[in-house]
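Keep the picture open while you read.

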Amino acid sequence: MKVWYKWLSVLFGLCCLVLLSGCAETAVSTQPTKTLRIGILRVPNDVAAARQMGTLKQTAAKYGYKIQYITFDSGVDANKALLSGGVDMATMGHTNAVVAMSAKIPAKLVWINDVIGSNERLVVKNSAGIHSWNDLKGKRIATPFASTSHYSLMMALKAHHLLGKVQLLDMQTTEIVAAWRRGDIDGAYTWEPSLSNLTNSHTLIDSTTLADEGHLTANVTLASNAFIQQHPKVLRAVLHTLGQAHDLYHSEPQKIYQSTAGNIGLSTAEAKTQIGTSKWIPAQQMGTFTHHVFQQQFYNTCAFMWHQQTLSNAPSMAECRKFCDWRLMDQAEEVS
């Protein structure tokens, strides 16, 4: 009997070891082993909200990923990173996405972070004597070239027959503020937070009005073709999480203001101002909106940029449809 007890004890000990090692393997397997690299701009958007609330981190961890956020100063830098394989996803203005498609960067547009509103606008100095569109003739107006603000400015000037009649200056946002204070410029089409620093001014037009007139601009997310092909489930889950932030914005906007503010070091009021009247398309409408509205706007931007000789080739509507992958957006809603 003592022998049997001895063998039973040994067997029991071995079973415990197997169970413990299995538990250990399970614990290790649930730890993030891969990295999802997301290029971001320091703006209060859906990525900032989901990052601050921890939902993006939870989603990535569910698939064995950790997230590395890489901050860029512009969509130009984000495109360079996508081209070199330095990021898997990146946010940018849709004009930079046009450049990415034209340059054959191996990526697709997979999400619309927001349709730009009053957070981008054309402001002019009160002292510049600009009270009507005609008064802009010969004035010095700054904007970051190849940006959504630049596109909006050009659309406004075209509508008022002012193309070629205004001195356009290519400046980054910080340069615009400095030039404004020195008195080097009469106006600027730019975005927050620079806008709040352009004091003693008034607004001629904003991007909400231009969107209503058929010249929509947006901030979008691109994903590399490699990531789309190799990790479609993870991508759909990330887009689903961003969609939840969009839905929260419509139901409880104050929570979005608070979370985005906390993420980029703003007050809640500042975050609300910077978001302005930008539209966050409801998650369930994202695919339809992209397919029926945004793709045409994207093509219109391509055509204009081609005519302005800022693109090396003229993309077709078919290329735009293929690049703006609305089906991925619809599939994001299927994540359980």
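**Why do we call it that?**

Just after α13, Gln-309 takes a positive phi of about 65°. This is a predicted model, and the questions below work through some of its features.

Q: What makes the positive phi of Gln-309 something to point out?
A: Gln-309 has this phi of about 65° although it is not a glycine. You can find Gln-309 in the loop between α13 and α14.

Q: How do you know whether Gln-309 is buried or exposed?
A: Its relative accessible area is 71%. Exposed means over 50%, so Gln-309 is exposed.

Q: How do you know that the length of helix α13 agrees with what a helix should span?
A: Helix α13 covers residues 286-307, which is 22 residues. At 1.5 Å a residue, the helix should span 32 Å. The end C-alpha atoms of α13 are 29 Å apart, so the two values agree.

Q: Where is the kink in α13 centred?
A: The kink is centred on Phe-294, and the bend there is about 45°. Phe-294 is also one of the buried residues of α13, along with others including Phe-289, Phe-298, Cys-302 and Met-305.

Q: Why are α5 and α13 called roughly perpendicular?
A: Helix α5 (residues 94-102) and α13 pack at an angle of about 70°, with their axes 10 Å apart. Angles of 65 to 115 degrees count as roughly perpendicular, so α5 and α13 are given that name. The contact is made by His-94, Thr-95, Ala-97, Val-98, Val-99 and Met-101 of α5 and by Phe-294, Phe-298, Thr-301, Cys-302 and Met-305 of α13. By class, 8 of the residues in this contact are nonpolar, 3 are polar and none is charged.

Q: How do you know whether Lys-104 is buried or exposed?
A: Lys-104 has a relative accessible area of 54%. The cut-off for exposed is over 50%, so Lys-104 is exposed. Look for Lys-104 in the loop between α5 and β4 (107-115). The C-alpha atoms of Lys-104 and Leu-83 are separated by 9.0 Å, and these residues are 21 residues apart along the chain.

Q: What about Asp-325: is it buried or exposed?
A: The relative accessible area of Asp-325 is 8%. Buried means under 20%, so Asp-325 is buried. Asp-325 is found in the loop between α14 (317-323) and α15 (326-332).

Q: Which residues is Asp-325 in contact with, leaving aside its neighbours within four places in sequence?
A: They are Lys-108 and Leu-109. Asp-325 and Lys-108 are 217 residues apart along the chain, and their C-alpha atoms are separated by 6.6 Å.

Q: Why are α2 and α11 described as roughly perpendicular?
A: Helix α2 (residues 46-53) packs with α11 at an angle of about 85°, and their axes are 8 Å apart. That angle lies in the range of 65 to 115 degrees, so the two helices are roughly perpendicular to each other. Residues in their contact include Ala-48 and Arg-51 of α2 and Ile-256 and Thr-260 of α11. By class, the contact has 4 nonpolar, 5 polar and 1 charged residues.

Terms used: Residues numbered from 1 in each chain as written. Predicted model: local features only at pLDDT ≥ 70, side-chain atom pairs only at ≥ 80, totals over all residues. Heavy atoms only, no water. Axes fitted to C-alpha atoms, helices over the stretch in contact; angles between N-to-C directions. Helix = DSSP H or I, 4+ residues; strand = E, 2+ residues; numbered from the N terminus. Parallel < 35°, antiparallel > 145°, perpendicular 65-115°, else oblique. Contact = heavy atoms within 4.5 Å. Nonpolar A, V, L, I, M, F, W, Y, C, P; charged D, E, K, R; others polar. Buried < 20%, exposed > 50% of the residue type's maximum accessible area, 1.4 Å probe, protein only. Expected span 1.5 Å × (residues − 1). Bend = angle between axes of the 7 residues up to and from the residue.
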